[in-house]
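Open the model in your viewer and keep the selection tool at hand. This tour tells you what to pick at each stop.

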Amino acid sequence: MNYETIIGIEIHCELNTNTKMFSAAPVRFKEAPNSCTNEIDLGMPGTLPCLNIHAVELALRACMGTHCEIDPLVKFDRKNYYYSDLPKGFQITQQFHPIGKNGYLNIQTKDGMKKIRLNRIHMEEDTAKQFHTSSGSLVDFNRAGTPLIEIVSEPDMRSGEEAAAYVEELKNMLYYLGVSDCKMEEGSMRCDVNISLRPVGSDKFGTKTEIKNLNSISNVQKAVDYETQRQKELLENGGVVEQETRRFDEATKTTVLMRKKEGNVDYKFFPEPNIFPILLDESWIESIRNSQPELPSQRKEKYMNDYGLSEYDASTLVQTKELSDFYDEVVSHTKEYKLAANWCMVEMMAVLNKENIAFKDNPCSPHHLAEMIEMMKANEISSKQAKTVFEEIMKGKDPKKVVEEKGMKQISDPNEILKLVTQVLNENPQAILDFKNGKGRAVGALVGAIMKLSHGQANPKLANQILNEELKKR
Amino acid sequence: MRLSDFSKDIEKNVDLSVSKLNDAQKKLNAIVTMIEPDEQIKEVKEKDPALPLYGIPVAIKDNITTKNIRTTASSRILDNYVPVYDATVIKKLKEAGAVMVAKTSMDELGMGGTNLNAYTGKVNNPYDVKRISGGSSGGSAALVAQGVVPVALGTDTGDSIRKPAAYCGVVGFKPTYGRISRYGVIPYASSLDHVGYFTTNIVDAARMLSILAGRDDHDMTSSYEPVDDYEKKLNSDIKGKKIAVLENVMSSIQDERIIQNFNELVEKLEKRGAIVERIQLDDALLQTLLPVYLIIANAEACANHSNLDGVRFGMREEGKDLEEIMINSRTKGFSSAVRKRFVLGSYSLFVENQDKLFRKAQKVRRVIVNEFKKVLDEYDCVMASAASTIAPHPEESVGEKMSDTYLVAENFMVLGNMSGYPSLTLPSGFVEGCPIGINVTAKAFDEQTLLNICKAVEEETGLENVTVEVQR
C-alpha cells in the first residue's frame with residue numbers, strides 16, 4: 001500500500017527582548033547560573049506578573065510576517081502542573097485566546113511554491129533549565145520566564161523535505177524580523193514534529209507520534225524521513241502506530257521512544273486573574289506593521305526585479321541575513337549590482353570562511369567595497385589590481401589609500417597611453433615587422449612591454465586599442 | 001489609639017507599643033513574629049518628621065511580604081521563609097515613616113473566617129478571650145482593638161478584614177480592588193484579594209488610604225485612578241445621601257439587640273438628612289454567594305499556592321525523588337482545612353468539571369455583581385449589620401450550617417470582594433460587653449463618600465478611638 005505522510009510542526013521560539021516575559025530580570029545567555037533572576041522568576045510568594053510590552057510587539061511582528069489574524073484583546077491563562085523547572089507551579093500562556101491565528105507561510109518545494117497554514121501563534125513564558133547529574137538534578141532559573149512564542153502549523157507538510165523547508169523559512173523570517181535569534185543549537189528555537197501516516201486517498205488521520213526538540217533543520221528532515229519509514233514498516237507488517245513521544249538520536253539517526261501517552265494530562269487551564277485583558281491600541285499595532293523589517297522574500301524579489309540578479313544569486317544572498325544586510329549597504333553606494341553581488345557572495349565569503357571570521361567581526365566595510373567597485377567601473381584600477389586592493393580592504397583598509405600607497409592608479413588618459421605606445425614601438429622595430437608579417441602574437445608582447453613600462457598602471461583595454469591603431473599607421 | 005495621639009518622639013512611641021506587646025501576646029496569641037525595631041528607628045530618624053506616619057508603630061498581617069523578616073502566612077510550610085523583597089505596601093509604610101513591630105496571626109494562607117486555623121493557634125478576642133477574634137486578619141484586628149498599635153495591615157478575600165473588625169470593635173477597611181497594590185501579598189484568591197487595614201477611627205482610615213493607595217507597576221491590576229487627600233476632604237454632612245439598607249441581611253438576623261442597634265443608627269442618620277431605604281435583592285442570588293465564592297477562591301488558590309512545594313524555599317520534607325519531596329512537603333506543610341480547599345479548587349478546574357463549576361461560578365459572580373451595581377447606581381452606599389452575632393466561641397463557629405442566617409447574614413460582605421467595591425466595617429455598639437459593627441459599601445473608587453458616611457456614623461455612635469483600654 002502507498003502511504004501519505006502527514007506532518008504538523010510546533011515551534012517554540014525565544015523572543016529577542018532585554019527582559020523577561022513577566023519580570024524585569026535580564027534575558028541573557030551563558031551567564032552564571034541563577035544570576036539573571038529575581039523574586040518573580042523564582043516564584044516567590046506574593047509576586048505578580050507584569051507583561052513585557054516588547055515581547056507583545058515581537059509576537060505581533062511574527063503574526064504579521066505569517067499573515068495571522070491578530071486578536072487585539074490580549075489575554076493570558078494558567079497552565080497548571082508541578083515540576084521543578086516551573087517555579088510558580090503554573091505557566092502563564094495563551095490557551096484560549098492566542099494573539100495570532102489562521103496564518104500561512106509559503107515554502108519552496110521541488111514542485112514549486114506551497115502554502116503551509118498556521119493554526120496559531122501564542123505567547124508564553126519559558127521554564128527553567130535542568131541538568132541531571134549522577135549526584136542529583138540542578139536547576140538554572142536564568143531561562144525561567146524568558147518570553148516565548150509557540151507557532152503551531154496545520155498538518156500541511158507531506159515529506160521531510162517540506163518539513164525542513166518550513167522550519168528554514170520560518171527561522172529565516174523570524175530572524176529577519178528581529179523576533180528571535182533563532183539559534184536551534186542553543187535552544188532559542190525548538191522544534192517538535194508530529195507525524196502520522198495514512199493510505200493515499202484516505203481523508204482520516206492516522207495515529208501520530210511526536211518527535212521532541214529537534215535541534216537543526218537537517219535533523220528535522222532526517223527525523224521525519226526515519227520516522228516515516230519506521231511507521232510505514234510497522235503498518236506494512238500489520239502493526240499499529242502508538243501515540244507516543246519520541247526523540248531523535250543523532251548518533252544512530254533514528255527516533256527513540258521517550259514515553260507513551262497515557263491519556264491526556266489535565267492542565268486545568270483557566271484565565272490568569274492577575275493580568276486583566278489588555279486591548280491593544282489599533283494605532284500601536286499599525287505603527288508596528290508600518291515598521292516591519294523587510295522579509296527575505298521581499299528582498300529576494302527586489303534583488304531579482306530591481307537589481308537584475310539571478311534567482312540563484314538572490315537566494316544565496318538572502319539565505320544569510322548578515323550577508324544580505326551587507327550587500328544592501330554596498331549597493332546603497334554603487335549601482336553595480338551584479339558586480340557587488342559577486343564580490344560579496346564569492347570573494348568576501350571565501351575570505352570570511354577561510355579565515356573563520358564571524359560576520360559581526362567582518363573587517364571589511366561595505367562602503368569600502370563599494371568604492372573599490374566604483375574604481376573598477378571608472379577604469380581607475382584593473383580587475384587584476386582589484387584583487388590586490390580587495391585583499392587589503394578585507395583587512396579593514398581604505399581602498400583609496402591602498403591604491404595610493406601601492407601607486408596602482410590606472411592610466412586611462414589616451415595621451416598618456418599614446419606616449420607609452422610610441423616609446424614601446426620605437427624600441428621594438430622587430431615586433432612591428434613581425435606584426436606586419438602576420439604574427440598576431442607580436443601584439444601580446446608589445447602590450448606586455450607597455451604594461452611593464454607603466455608599472456602595470458596602463459589601462460590594458462585602452463593600451464590595446466591605441467597600440468593597434470598605431471601599428472596600422474607604421 | 002489615634003495617629004494624632006503620637007508625638008514625633010519615635011523611641012517613646014515604639015516603646016509604648018513594644019511594652020504592651022508581650023502582655024498582649026500572652027492574652028491574645030495574636031503575633032507570629034515580633035520585629036526588633038532598633039534598625040527601623042535608626043532609619044526613620046534620618047527622615048522628615050513631617051511624614052504622615054513618622055515614628056508610628058504598626059503591625060502587619062503575616063501574609064504581607066517583609067524583606068528579611070520571617071513571613072509565614074500562618075502556614076507550617078512557610079515557617080522558615082524569610083523574603084528577599086518588600087511588598088509595595090511595606091515600602092509605602094516605610095516611606096511614610098512607620099515602624100513595624102509585629103507580624104500578626106491569620107487563618108492559614110487567608111483561608112478561614114475564624115482565625116482558628118493558624119499554625120500558631122487561636123487568636124483570642126480582646127473583649128472576651130474565650131471568644132474568637134474572627135479572621136482571617138484576626139491578629140491585626142485584635143492588636144488594634146487591644147490598643148497596642150494604632151494601625152495594622154490586613155487582607156480581605158471574603159470578609160477577612162471586615163468580619164474581625166466587627167468582632168473586635170475596630171474600623172476595618174478594604175478599599176476598591178486595584179486601589180492598593182497587592183504586590184508582595186501572599187495571595188489567597190487573586191481576583192478577590194484586597195489589601196486593607198484596621199484603625200480605631202475614620203480620620204485615621206482616611207489618612208491611611210492616601211498613604212497606601214496608588215498605581216503600582218508591579219501589580220497590573222492596580223488602578224491609575226488618582227489618589228486624593230481623603231482626610232482633608234472628610235465631611236460628615238450626609239444630608240441628601242442615599243443609603244440602601246440590605247434588608248435580606250437584616251431580616252435573617254435573629255438577635256434582636258443587633259437589629260435594634262442597627263435601627264437606632266438608621267434613625268439617627270435619617271435625622272441627619274440621609275435618605276435611607278430598605279432594599280431587597282433576590283434571596284436566591286444571595287444564597288449563591290458562598291458557593292460561588294468558595295469555587296472561585298479555591299480554584300485560584302490551588303494554582304496560586306502551587307509554588308509552595310518545599311523545593312526552593314519553605315519547609316522541605318525529604319523524599320526519594322522530586323515528586324515525593326513535593327507531596328511530603330505539601331502534605332505536612334498545610335493543615336487539612338487548607339488541603340480540603342485545594343481539593344475543592346482543583347476539582348472545579350478539572351476539564352470535565354470546569355464548565356459546570358468554575359466557569360459557571362464566574363458567570364454567576366457576574367450576575368450577582370450586576371445586581372449589586374444596580375443598587376449602587378441608585379444609592380450612595382449599601383449598609384447592613386456586619387455580623388449576625390457578637391464574636392462566637394470556637395465551638396459555635398466551626399459548623400458551616402446552610403441556614404439563611406449563615407448563607408446571607410454571615411457571608412453577604414463577600415459582595416464587596418466579588419464587585420471589588422470599597423467596603424468598611426466600623427463599631428456600632430456593644431452586646432454582652434462585646435462589640436458589634438455595621439458594614440458600609442460604596443461605588444468603585446468612591447472611597448471619599450464611603451468615608452464621609454462612615455464619619456457621620458462614627459459621630460452618631462460616639463465609638464471613635466475605642467480600644468479595650470479606653471472603653472466607654
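How many residues does the contact take from chain A and from chain B? It takes 24 residues from chain A and 33 residues from chain B. Residues are in contact here if their C-beta atoms, placed from the backbone, lie within 7 Å. On the side of chain A that touches chain B, 13 residues are nonpolar, six are polar and five are charged. Ala, Val, Leu, Ile, Met, Phe, Trp, Tyr, Cys and Pro count as nonpolar, Asp, Glu, Lys and Arg as charged, and the others, Gly among them, as polar.

Two notes before moving on. This is a predicted model: local features need pLDDT of at least 70, side-chain atom pairs count only at pLDDT 80 or more, and totals for chains, interfaces and linings use all residues. Residues are numbered from 1 along each chain as its sequence is written, while chains are lettered from A and ligands numbered from 1 in the order in which they are written.

**Stop 1: chain A as a whole**

Select chain A. It has 15 helices and 16 strands. These are DSSP runs, numbered from the N terminus: helices are H or I with at least four residues, strands E with at least two. The radius of gyration of chain A is 31 Å, well over the 23 Å that the globule rule gives for 474 residues, so chain A is more spread out than a compact globule. That radius is taken over C-alpha atoms, and the rule is 2.2 Å times the number of residues to the power 0.38. Along its principal axes the C-alpha trace spans about 100 × 55 × 50 Å.

**Stop 2: the sheet of chain A**

Now show the strands of chain A. Nine of them form an open sheet with mixed pairing, in the order β2-β6-β7-β10-β1-β11-β12-β13-β14. Strands pair if DSSP finds at least two bridges between them. β2 (69-70) and β14 (254-260) of chain A stand at the edges with a single partner strand each, so one side of each has no neighbour in the sheet. Pick β7 (residues 112-125) and β10 (residues 147-153) of chain A: seven bridges join them, and they run antiparallel. A:R120 has A:V152 in β10(A) as its bridge partner.

**Stop 3: helices of chain A**

Select helix α1 (residues 53-65) and helix α4 (residues 282-290) of chain A. They pack at an angle of about 60°, with their axes 10 Å apart. Axes are lines fitted to C-alpha atoms, for helices over the stretch in contact, and angles run from 0 to 180 degrees between N-to-C directions. A:E57, A:L60, A:R61 and A:M64 in α1(A) meet A:I285, A:I288 and A:R289 in α4(A). Next, take helix α2 (residues 160-176) of chain A. It lies across β1 (3-14), β6, β7, β10 and β11 (189-199) of chain A, at about 115° to β6(A).

**Stop 4: a strand in chain B**

Move to strand β13 (residues 434-442) of chain B. Is it enclosed or open? Eight of its nine residues are buried, so β13(B) is largely enclosed by the rest of the structure. Buried means that 20 or more other C-beta atoms, placed from the backbone, lie within 10 Å of the residue's own. Five bridges join β11 (residues 381-385) of chain B to β13(B), and the two run antiparallel. Eight bridges join β12 (residues 423-431) of chain B to β13(B), again antiparallel. Click B:V440: B:M383 stands opposite B:V440, and B:L424 has B:V440 as its bridge partner. β12(B) and β13(B) form a hairpin with two residues between them. In the turn, B:E432 has a positive phi of about 55°.

Key
Two residues are in contact if their C-beta atoms, placed from the backbone, lie within 7 Å. A residue is buried if 20 or more other C-beta atoms lie within 10 Å of its own, exposed if 12 or fewer, and partly exposed in between; C-beta atoms are placed from the backbone.
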